[in-house]
Amino acid sequence: MPVEPLSQKEIEDLLAELPGWSLQGDRLTRSYRLGSHAAATAMVVHIAQVQDELDHHSELTLGYRTVSLSVHTHSAGGAVTAKDVELARRVEELSAGHRAH
Ligand SMILES: C[C@H](O)[C@H](O)[C@H]1CNC2=NC(N)=NC(=O)C2=N1
């Protein structure tokens with residue numbers, strides 16, 4: 001079933017429950033800071049596993065002690081959809097265990 005673009009209002013309402021996440025252009029984005037490069041790398045691996053589980057994949061960038069995500073839905077013409085919000089929620093949940101903030 002095709003996934004539909006969310007409206008601007010829907011995105012704003014959903015972002016209210018995802019502190020740190022924001023809409024940059026047509027993508028949901030967030031950057032996390034971690035305590036070490038190894039910790040950041042482990043978080044990237046964990047996110048990659050969740051992305052395969054959801055079959056939904058962000059642009060995922062590993063820095064020295066940072067992890068950055070940018071996600072939209074290719075199959076919805078690059079719009080933000082519920083799948084992007086679901087990925088953001090899952091990453092928020094796992095971020096605590098990695099002491100990312
Ligand atoms: C075939 C596979 O289901 C699609 O290519 C999936 C994979 N991951 C995806 N990720 C994102 N961000 N958008 C998509 O439309 C998408 N589609």
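Biologist: Which residues of α3 are buried?
Modeller: D84, V85, L87, A88, V91, E92, L94 and S95 are the buried ones in α3. Buried means under 20% relative accessible area, exposed is over 50%, and partly exposed sits in between (1.4 Å probe, protein chains only). Helices (H or I, at least four residues) and strands (E, at least two) are DSSP runs, numbered from the N terminus.

Biologist: Before I go on, what kind of model is this?
Modeller: This is a predicted model, where local features need pLDDT of at least 70, side-chain atom pairs count only at pLDDT 80 or more, and totals for chains, interfaces and linings use all residues. Residues are numbered from 1 along each chain as its sequence is written, and side-chain values use heavy atoms, with hydrogens and water left out.

Biologist: What pLDDT does the chain average?
Modeller: The chain averages 97, and 99% of the residues score at least 70. pLDDT is the predictor's confidence in each residue, from 0 to 100. The model also scores ipTM 0.93 and pTM 0.96.

Biologist: Back to α3. What do its buried residues pack against?
Modeller: They pack against α1 (8-15), β2 (27-33), α2 (37-54) and β4 (66-71). Contact here means heavy atoms within 4.5 Å.

Biologist: How far apart are the end C-alpha atoms of α3?
Modeller: They are 24 Å apart. That agrees with the 22 Å that the 16 residues of α3 (residues 82-97) should span at 1.5 Å a residue. The expected span is 1.5 Å times one less than the number of residues in the helix.

Biologist: Switching topic: which residues surround the ligand?
Modeller: D55, H56, H57, H72, T73, H74 and S75 surround the ligand. The cut-off is a residue heavy atom within 4 Å of the molecule.

Biologist: What about polar atoms, starting with D55?
Modeller: A polar side-chain atom of D55 lies 2.5 Å from an oxygen atom of the ligand. For H57, a backbone N or O atom lies 2.9 Å from a ligand nitrogen atom. A polar backbone atom of H74 is 3.2 Å from an oxygen atom of the ligand. The ligand exposes 390 Å² taken alone, and the protein buries 63% of that. Those areas come from the Shrake-Rupley method with a 1.4 Å probe; for residues, only the protein chains shown count as cover.

Biologist: Is D55 itself buried or exposed?
Modeller: D55 counts as exposed, because its relative accessibility is 56%. D55 lies in the loop between α2 and β3 (59-62), and has a positive phi of about 50° although it is not a glycine. Most residues other than glycine have a negative phi.

Biologist: Where does R99 lie, the other one with positive phi?
Modeller: R99 lies in the segment after α3. Its phi is about 50° as well, and R99 is exposed, with a relative accessible area of 70%.

Biologist: OK, H56. What does H56 touch, not counting residues up to four places away in sequence?
Modeller: H56 touches Q51, V71, H72, T73, K83, D84 and L87. H56 is in the loop between α2 and β3, and is buried, with a relative accessible area of 8%.

Biologist: And which polar contact joins the side chains of H56 and D84?
Modeller: One of 2.7 Å. A polar contact is a pair of N or O atoms within 3.5 Å; within protein, one must be able to donate a hydrogen and the other to accept it, and residues adjacent in sequence count only if both atoms are side-chain atoms.
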